[in-house]
Amino acid sequence: MGMTDVLIVGAGPTGLVLACDLARRGTAVRIVDRSPVPPRTSRAKGPNARSLEILDDLGVAEEVLAAGSAPLPMLKYRDRLPVAETDPWADSAPSPDAPYDRGRLIAQWRLEEILRERLAGYGVRVELGREVTGLAEGPGGRHVDVTFAEGRTERARYVVGCDGAHSSVRKLLGIGFEGTTAEDQVMVCGDVDLADGALDRTRWHQWFDEDGAVMLCPIPGTRTGWWFQAGPERDGRGRPLAPTADGFRRLLARHTALPGPALTRAELLSTYRVNVRMADRFRAGRVFLAGDAAHVHAVAGGLGMNTGIQDAFNLGWKLGLVLAGHAGAELLDTYEEERLPVAARTLDLTSERLRATLAAIRRPGGGLDAAITPDTTGLGVGYRWSSLARGHAEAPKAGDGSPEAPDAEARTARDGERPAPRPGDRAPDAPCADAVTGARTRLHRVFAGPRTTVLGFGPGSAAVLREVAAAYGDAGVRTCRVYAAHEDRATSAPGEAVVDDEGHAAAAYGRGASDGTGTGTGTVVVVRPDHHLGLSAPAADARSVHAYLHRLHGAARSAERFSGIGGRRR
């Protein structure tokens with residue numbers, strides 16, 4: 001029986017992002033889905049700002065941006081008349097450290113199509129019509145035997161259940177999915193066509209009346225397609241009725257100024273109830289859960305698909321390093337350590353945003369903009385509590401109840417500067433110039449691809465970068481020297497080099513990081529493959545850099561190159 005490295009169950013956005021990330025690493029990955037054809041659902045309305053950064057890293061952001069549209073202003077009505085218009089993003093703009101300040105509207109089926117095409121470029125195709133019915137750990141716990149509905153059993157080193165809220169993988173593992181279902185918080189949804197010209201397609205239209213609501217958002221890439229969401233029709237006892245095309249027409253006529261026949265088609269009808277649930281654990285041996293299989297929550301804020309994409313990006317690099325033989329299997333323990341608290345926080349955040357939205361729509365002019373806060377961009381999600389978030393050797397680990405870590409790890413703002421990011425935080429972006437060609441680039445472009453990046457700021461970092469390149473250059477680690485604009489570049493460092501010609505990298509990572517005075521000072525920053533800071537250390541502390549890279553990438557090819565192992569670097 002042949003063996004694959006990773007079998008992914010479920011080919012929605014979470015499974016496809018994970019498959020793309022693993023495939024580009026050369027991992028033997030397969031992805032199966034019980035559906036006989038790719039689903040044509042528009043469900044999730046699109047990636048948020050953090051997910052766009054991930055899609056950019058995977059090389060598909062340009063396609064997603066082209067296929068989608070910017071978030072739309074919201075036009076709110078009461079008693080069929082417009083009463084307010086709000087653009088939740090009016091005061092938002094891209095910044096040097098975050099080029100995506102808002103998400104993108106795109107039908108879920110179109111996003112999945114783009115990801116499937118990217119995956120096919122690696123020679124991997126979704127195996128449709130394949131339902132998993134059994135999971136069993138193999139002898140010695142070295143693999144998983146996966147049984148399919150057609151009776152075949154296949155073998156994988158690891159299995160990841162990305163198969164949604166009703167996950168077969170989770171149920172087969174016997175993992176609890178505790179939480180609540182709010183039977184009274186019900187919404188009917190579907191994809192509809194409206195008569196051409198019936199509504200302005202540059203707005204998200206929202207009718208909120210005391211006896212119900214209708215919301216219509218145009219689906220990008222279509223001429224007459226709209227996302228339809230509404231409070232359900234109810235029977236004489238107040239129980240919600242199942243959605244139907246005629247029911248949608250009655251709701252349209254009741255709440256809007258459009259006649260029912262303006263709705264010419266209704267498909268993919270569904271009833272949504274607010275579920276707030278989370279798996280007891282995200283791992284059982286060699287099987288993991290990600291996305292809705294691990295957590296579901298209120299729709300407010302649009303974080304469902306996005307949290308799953310970010311689960312996948314956290315897990316992919318860890319599986320890749322373990323399967324490549326660089327990292328020990330204990331690295332996989334950090335997936336649940338990092339993502340379970342994020343999921344719990346997301347459940348709380350979305351429930352709170354739902355409460356705020358339900359309160360807002362009771363007043364004329366209130367609408368779905370109440371659900372949108374800076375938290376919903378995903379850019380603030382980090383892992384300061386993680387065992388992978390380390391200061392240099394002398395510093396206590398932030399987030400474990402210890403005192404705040406000193407200078408390099410928790411440099412506070414001085415003279416009006418923002419605080420430097422701490423280990424566990426998302427690594428900021430910054431526009432800069434290629435040191436050789438002068439071409440414009442940015443740090444996230446340097447980070448792109450499935451590798452760990454070691455940034456060196458200040459002259460003192462050059463020696464550490466040389467040691468890293470010699471010891472780990474073949475093990476998935478890249479180095480990049482970040483020069484200050486005025487800094488002498490006569491002494492070249494190995495790997496990539498950029499010039500922080502506008503000072504944005506120094507501003508993002510702390511002014512002390514980019515000391516180009518020639519005094520020998522500097523800072524070394526290790527950026528994980530998922531764009532989170534792993535370590536920030538003084539350039540003189542090569543020992544901490546080595547210890548951290550050893551955790552992720554195994555023993556250095558030439559450990560004695562790190563002459564600081566026994567103490568200070570000579």
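## Burial and overall make-up

Buried residues account for 56% of the 570 residues in the chain. The model is predicted. Its secondary structure amounts to 13 helices and 24 strands.

The accessible surface is about 22,800 Å², and carbon and sulfur atoms hold 50% of that. Take the contacts between residues at least 6 apart in sequence: 69% of these join residues at least 24 apart.

## Cavities

Six cavities of 30 Å³ or more are present. Two elements, α2 (49-57) and α7 (304-323), each give two or more residues to its lining. α7 gives the most, with three residues. The lining includes Arg-50, Ile-54, Phe-313, Tyr-383 and His-532. By type, the lining residues are four nonpolar, four polar and three charged.

The second largest cavity holds about 60 Å³ of space. Here α2 provides the largest share of the lining, three residues. α10 (443-447) also supplies at least two. Among the lining residues are Glu-53, Asp-56, Asp-57, Arg-442 and Arg-445. The lining divides into six charged, three nonpolar and two polar residues.

## Helix α13

Helix α13 has 12 residues, 542-553. At 1.5 Å a residue it should span 16 Å, and its end C-alpha atoms are 16 Å apart, so the two values agree.

Its buried residues are Ala-542, Ser-544, Val-545, His-546, Tyr-548, Leu-549, Leu-552 and His-553. In an α-helix, residues three or four places apart point the same way, because there are 3.6 residues a turn. Gly-554 follows α13, and its phi is positive, near 80 degrees.

Technical notes
Residues numbered from 1 in each chain as written. Predicted model: local features only at pLDDT ≥ 70, side-chain atom pairs only at ≥ 80, totals over all residues. Heavy atoms only, no water. Helix = DSSP H or I, 4+ residues; strand = E, 2+ residues; numbered from the N terminus. Expected span 1.5 Å × (residues − 1). Buried < 20%, exposed > 50% of the residue type's maximum accessible area, 1.4 Å probe, protein only. Contact = heavy atoms within 4.5 Å. Areas by Shrake-Rupley, 256 points an atom, 1.4 Å probe, with all protein chains shown as cover. 1 Å grid on protein atoms, 1.4 Å probe; cavity = no way out; pocket = protein on both sides within 12 Å on 5 of 7 lines; lining within 4 Å. Points joined across faces, edges and corners; volume = space filled by probe spheres on them. Nonpolar A, V, L, I, M, F, W, Y, C, P; charged D, E, K, R; others polar.
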